[in-house]
Amino acid sequence: MPSQKNLSPQQLSALTALGLSVPVAIVVFIFKPVWWIPLVSFVAMFLGSYALISYALQTFIYRKIKLIYKLIYQTKASKREEFYYKNILPQKGIDEVREDVEKWAIQRKEEIELLQQNETYRKEFLQNLSHELKTPIFAIQGYVDTLLNGALENPDVNKKFLNSTSRNVDRLVNLVDDLDEISKLESGEQLLYQQNFVIQDLLKEVYETLAIKAEEKEIKCIIKKGCEQPLTVYADKEKIRQVFINLVDNAIKYGKQNGTIESSFYRIDGRRILIEISDDGSGIAEEHLPRIFERFYRTDLARSRKVGGSGLGLSICKHIVEAHGQTIHVRSKIDVGTTFGFTLPKKKD
C-alpha cells in the first residue's frame, strides 16, 4: 500500500470516498436491514463522492501544479508534454511533485552559480587581456613619441629605442598568435595531424632547442633513469612539441639556479602513455593549482611579468592535450617543485 504522504489524487479521492461511504452504509443498514439497500447506498455514495472529490482535486490543486510545471520548463508544451500534463501528472503524488520542483530548484541554483563563476572569469580575463595589451602598446607609444620629439637624430638613442619598440611589437604579435591558437583549438578549427613518433626523441629535440636558456641558469635537463626505453605515441607531433616547449620553458623560468628538470614516461592501462615534466623550483601554492590552466592566470603577478610570456602557455597546453582526448594535471609544493603531467594515446597499429 502506498505511503499516506505520497498518495496520487485518485488514491486520495478513493480513500476519502471510502471513509464517507462506509459510515453512510452502516447507518442505512441500521434503519433498513436489507442487504442490498446498504450496498446500493454504499456504491452510490462511493462513486458520487469519488467523482466530486477527484474533480475538486483536479480543478483546484492539479491545475495549479500544471502551471508550476509550465513555469519550471518555460517552454511551449508539445503534444507529448500536453499528454503528460493531462494523463501522467495527475497520477503523481504530492511528494513526487515536490521532489520534481526541488530537483528543478537545485538545477537552477547550480546553473546560476556556474554563470556567476563564468562571469567572474570573464571579468578577470578582460582585465588581464587589457593589461597584457596595454603594457607593450604604452611602451611602443613612449618610444615612438621620444623618437619623434628629437631622439631620432641621436644615434646613441634611436637604435636602442627602435630595438625596444621591436621587442614590444614581437610581444604583441606573440600574444595575438597565442589568442588565435586558443580560439582555433576551442572551436575545433585547428586540425590535428596525428602520426606515430617516439616521444623521448621529441623531448630531446626540445631540450636542445632550449639548451641556451637552461645553461644560463645552469639547469640540467634529463630523462629519468629507467624511462629511456623508446615509447611511441599517436599524436600531432608539432602540437606536442609546442606543449613540451611551454612546459620546459616554464620549468627553466621558475626553476632554481643549478637545478634539474627531469622528464619521465610511463605506460598506463595499455592504451595511454603518461608524460611528466618536473622541476625543483619554488613551486606553486595549493590555492592556485585549480586555476593554473586558465588564460592569463598569474600565481605571482610581479614575478610572472618579470619573466615575460603571454600568460597563455599553460592554457594552450591544456587545449592541445584535450584536443587529443586526453588530460593534463599539475602537482606542486612550495620550495619543493612542480610536476606537470599529461597523457597521450599509444601508437596506432
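Phe46 is partly exposed, with a relative accessibility of 23%. This comes from a predicted model. Phe42 is also partly exposed, at 25% relative accessibility.

**Aromatic rings**

The structure holds four aromatic pairs. Phe42 and Phe46 form one of them, and their rings are stacked. Both residues belong to helix H2, where they sit four residues apart, so about one helical turn separates them. Tyr50 joins in too: ring pairs link Phe42, Phe46 and Tyr50 into a cluster.

The table sets the geometry of the two pairs side by side.

| Pair | Arrangement | Centre to centre | Angle between planes |
|---|---|---|---|
| Phe42 and Phe46 | stacked | 6.1 Å | 20 degrees |

Five strands form an open sheet, in the order S2-S4-S5-S7-S6, with mixed pairing. Which strands are at the edges? They are strand S2 (220–223) and strand S6 (328–333), each of which pairs on one side only. On average, neighbouring strands of this sheet are turned by 15 degrees against each other, direction ignored.

Strands of a sheet pair through backbone hydrogen bonds, either parallel or antiparallel. S6 and strand S7 (residues 337–345) run antiparallel, and six bridges join them. Arg331, for example, has Thr339 in S7 as its bridge partner.

**Back to helix H2**

Helix H2 covers residues 36–73, and Leu52 is part of it. Leu52 is exposed, because its relative accessibility is 60% and the cut-off for exposed is over 50%. Ala17 is 35 residues away from Leu52 in sequence, yet their C-alpha atoms are 9.1 Å apart in space.

**Cysteines**

A disulfide is a covalent bond between the sulfur atoms of two cysteines. How many disulfides does the structure hold? The count is zero. Cys227 is buried, at 6% relative accessibility. Cys317 is buried as well, with a relative accessible area of 0%. Both count as buried because their values are under 20%.

Key. Residues are numbered from 1 along each chain as its sequence is written. This is a predicted model: local features need pLDDT of at least 70, side-chain atom pairs count only at pLDDT 80 or more; totals for chains, interfaces and linings use all residues. Side-chain values use heavy atoms; hydrogens and water are left out. A disulfide is a pair of cysteine sulfur atoms within 2.5 Å. Buried means under 20% relative accessible area, exposed over 50%, partly exposed in between (1.4 Å probe, protein chains only). Helices (H or I, at least four residues) and strands (E, at least two) are DSSP runs, numbered from the N terminus. Two strands pair if DSSP finds at least two bridges between them. Axes are lines fitted to C-alpha atoms, for helices over the stretch in contact, and angles run from 0 to 180 degrees between N-to-C directions. Rings of Phe, Tyr and Trp (its six-membered ring) pair if their centres lie within 6.5 Å; planes under 30 degrees apart count as stacked, over 60 as edge-to-face and the rest as tilted.
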